[in-house]
Each structure stands twice: as structure tokens, then as C-alpha cells.
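Trainee: I would like to work through this model with you. Can we start with the terms and then go to the residues?

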Amino acid sequence: MGGVRVVRLANAIAPHSGGLRTALRELGAGYVRAGHDPVLIMPGLRPRDEQTEQGRVITVPGPLVPGTGGYRVITARRSLRRLLEKLEPDRLEVSDRTTLRWTGEWAAAHGVRSMMVSHEGLDGLLRLLGPPGLPAERLADRMNRASAESYDVVVCTTKWAAAEFRRLGVPNLVRVPLGVDLGSFSPDRHDAALRSALTGDGGPLLVHCGRLSPEKRPDRPIDALAELRRRGVPATLVVIGDGPRRRSL
């Protein structure tokens, strides 16, 4: 295959679904259609190497992150370094803020243009996964400043994710909003009968669609429903998804 070889690294991809998994799949398929050669390296339970609609996907073993509902991370630097050298990327794209941050320096040392993609706020992740009392914002600022210096470009998909880089005055920050599939998410698909069946009395309908794991805060829509009901609003909540917090919720 001709074009540019874009090696993409990602951590914390949900086993079966999720926004990052979807974004990576669509981006890789777009690279293929444009005539490029995308390679995705991601963590999993066991090693795999396969050709897919989004290009080559290489799965390397990575340990589970406790309490995240199945997230894994790549921790084996030596073997990943050898794999990168073997692949000889023209560009490196990294969707991670934790164990893969060192790859920006690797890319610079090998003359490879690099990009870190930020899908979330690092300070929020540190508060969620770190020990109590961790100075999350100060630590996130230090890590983000180092990342911005290591990678040629930092891409944020949301204004929220970009805020922590903007407060540092990072000069190589670019905002690229995620796209929406207007075929699937269209007002033309509105189903009045389904809404009536869900709400019964026709009151407000709340929908939570996502994995029921701590970082998604699935307790918030339940709290919102309780508050609405307390105020006498006949709201209904529909939860679509599954995960480790299902039983407690």
C-alpha cells in the first residue's frame, strides 16, 4: 500500500464498544480510503495481528486497570520500541495520556512527526484513579507541559479537553471536533410510539447511553432523575449500557 504509514497507539480501549474504539475505527478506515497505510497498536488480553477495514491492527498484551470495567494499557516499553522501529512509521499518532507519553520523545529521536490526541481531561483521570489527596491539577499541568513539548501537535477533540492545555499557553494545540454520523443520529429517526411507550404519561425523557463504569459517572443521571421527581416533574430515565457499576446502580 502506498501513501503515508500512520502508526497509531492507543490505551484504554473498551473490549467491545466505546467512543475511542469507534473514533479509531472510523479514522483508520478514512486513512485507508485516502490511500494511506494505517497501523493501530492497542492493548489486549493476548497478541494478535490482523488486517481490518481500518488497516492493520496489532494487539499487544497489556495489564488490566482495576475498577475501569476492562480497560488495558501498554506497559512493555522495550517490545513496543522494537515494534515501532520495525514498522518505520512516517507519522505517529498517540491516543493516550499515561503509559505511552514517552513515544513523543521516541518519534523526535527518529525524525518522525508526532501527534498526541487528547479525548479527556487528565486532571479528571488522576482524581478518579489516583489516591486521595493527590494534587491532580498540579500534576496534570506538569505532565501536559511535558507532553506538549514532546509531540509536534496536541489535538483535542473537545473544548473541555483543550482547557487544561490552554491554561498552560501551549502553542502547538489544535482543536478538532469529533464528527457525527447524521445517518444514525437524525431527527428523521424520531419514533413517537417508542417515546410514548417509554414515558407512559408523556413527561420528560432522560437517556443515558454509555458504559456503566466509574469514569462515565452513570450515577449522575440517576441523581438528576431523583431531583426532578422530588420537584414533582414526572420524568423517566432510560439507561442503555452495561458495566461494572450496573449492580450498585
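Mentor: First a cut-off: buried means under 20% relative accessible area, exposed means over 50%, and partly exposed lies in between. Keep in mind that this is a predicted model.

Trainee: Does Ile-240 count as buried, partly exposed or exposed?

Mentor: Ile-240 sits in strand β10, residues 236-240. Its relative accessibility is 45%. The in-between class runs from 20% to 50%, so Ile-240 counts as partly exposed.

Trainee: Which residues does Ile-240 touch, leaving out those up to four places away in sequence?

Mentor: Contact means heavy atoms within 4.5 Å. With sequence neighbours up to four places away left out, the partners of Ile-240 are Val-207, His-208, Cys-209 and Gly-210.

Trainee: How far apart are the C-alpha atoms of Ile-240 and Ala-12?

Mentor: Along the chain, 228 residues separate Ile-240 and Ala-12.

Trainee: Which element gives the largest share of the largest nonpolar core?

Mentor: That core has 20 residues, and Leu-80 and Leu-84 are among those touching the most other members. Elements giving two or more residues include β1 (5-10), β2 (37-44) and α2 (77-87). The largest share, four residues, comes from α2.

Trainee: Which residues does Leu-80 touch, not counting those up to four places away in sequence?

Mentor: Leu-80 is one of the core members that touch the most others. Beyond four places in sequence, Leu-80 touches Leu-9, Ile-41, Ile-74, Leu-100 and Trp-102.

How values were computed. Residues numbered from 1 in each chain as written. Predicted model: local features only at pLDDT ≥ 70, side-chain atom pairs only at ≥ 80, totals over all residues. Heavy atoms only, no water. Core = buried A, V, L, I, M, F, W, Y, C linked by side-chain atoms within 4.5 Å. Buried < 20%, exposed > 50% of the residue type's maximum accessible area, 1.4 Å probe, protein only.
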